[in-house]
Amino acid sequence: MDDRIACVYNSNHLIKPEKLVWHYVKCDDRRRLQHLFDICPYDSMHHVPKPEFDAHVQRCKPPTTEMKLNFGTDDPWG
Ligand SMILES: [Zn+2]
Ligand SMILES: [Zn+2]
């Protein structure tokens, strides 16, 4: 019945999903906290705390864009 979802910047802000993008434009708590968040490249409605951002992007990434890039991080000679 009540389909409002919580603003990630203040869980007391309960917003209808279709209004959330406008809420984020004017949310005062966002202005205060936005340096702690990044916005998902796949969905601009996903405002994600920076420590969780990489994991979020991995989850959100469309499976079709998967590429095999094995250079770098797990190179045993690196
Ligand atoms: Zn808010
Ligand atoms: Zn996302």
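Ile5 has Ile15 in S2 as its bridge partner. Strand S1 (residues 5-7) and S2 run antiparallel and are joined by three bridges; two strands count as paired if DSSP finds at least two bridges between them. S1 and S2 form a hairpin, with two residues between them. The model is predicted, and local features need pLDDT of at least 70, side-chain atom pairs count only at pLDDT 80 or more, and totals for chains, interfaces and linings use all residues. Residues are numbered from 1 along each chain as its sequence is written, while chains are lettered from A and ligands numbered from 1 in the order in which they are written.

**Overall architecture and confidence**

The chain holds three helices and four strands. Helices (H or I, at least four residues) and strands (E, at least two) are DSSP runs, numbered from the N terminus. In sequence order, the pattern is β-β-α-α-β-β-α. The chain has 78 residues, of which 5% count as buried. A residue is buried if 20 or more other C-beta atoms lie within 10 Å of its own, exposed if 12 or fewer, and partly exposed in between, with C-beta atoms placed from the backbone. Of the contacts between residues at least 6 apart in sequence, 8% join residues at least 24 apart; a contact means that the C-beta atoms of two residues, placed from the backbone, lie within 7 Å.

Confidence is given as pLDDT, the predictor's confidence in each residue, from 0 to 100. Its mean over the chain is 87, and 81% of the residues reach 70 or more. Where pLDDT is low, the predicted coordinates should not be read in detail.

Asn10 is placed in strand S2. Asn10 counts as partly exposed because 15 C-beta neighbours lie inside 10 Å. Lys16 lies in the loop that runs between strand S2 (10-15) and helix H1 (20-26). Lys16 is exposed because 12 other C-beta atoms lie within 10 Å. Leaving aside residues up to four places away in sequence, Lys16 touches Asp3 and Arg4. His35 belongs to the loop between H2 and strand S3 (37-39). His35 counts as exposed because it has 8 C-beta neighbours inside 10 Å.

The table gives a C-alpha separation for each of these residues.

| Residue pair | Apart along the chain | C-alpha separation |
|---|---|---|
| Lys16 and Ala6 | 10 residues | 8.8 Å |
| His35 and Pro49 | 14 residues | 9.2 Å |
| Asn10 and Cys27 | 17 residues | 8.9 Å |

**Annotated spans**

An unreviewed UniProt entry lists residues 4-31 and 37-64 under "domain: CHHC U11-48K-type". UniProt positions are given in the numbering used here, feature names are shortened, and annotations may be inferred rather than shown by experiment. In the model, residues 4-31 are 39% helix and 32% strand, and the end C-alpha atoms of this span lie 21 Å apart. Residues 37-64 are 39% helix and 21% strand, with end C-alpha atoms 26 Å apart.
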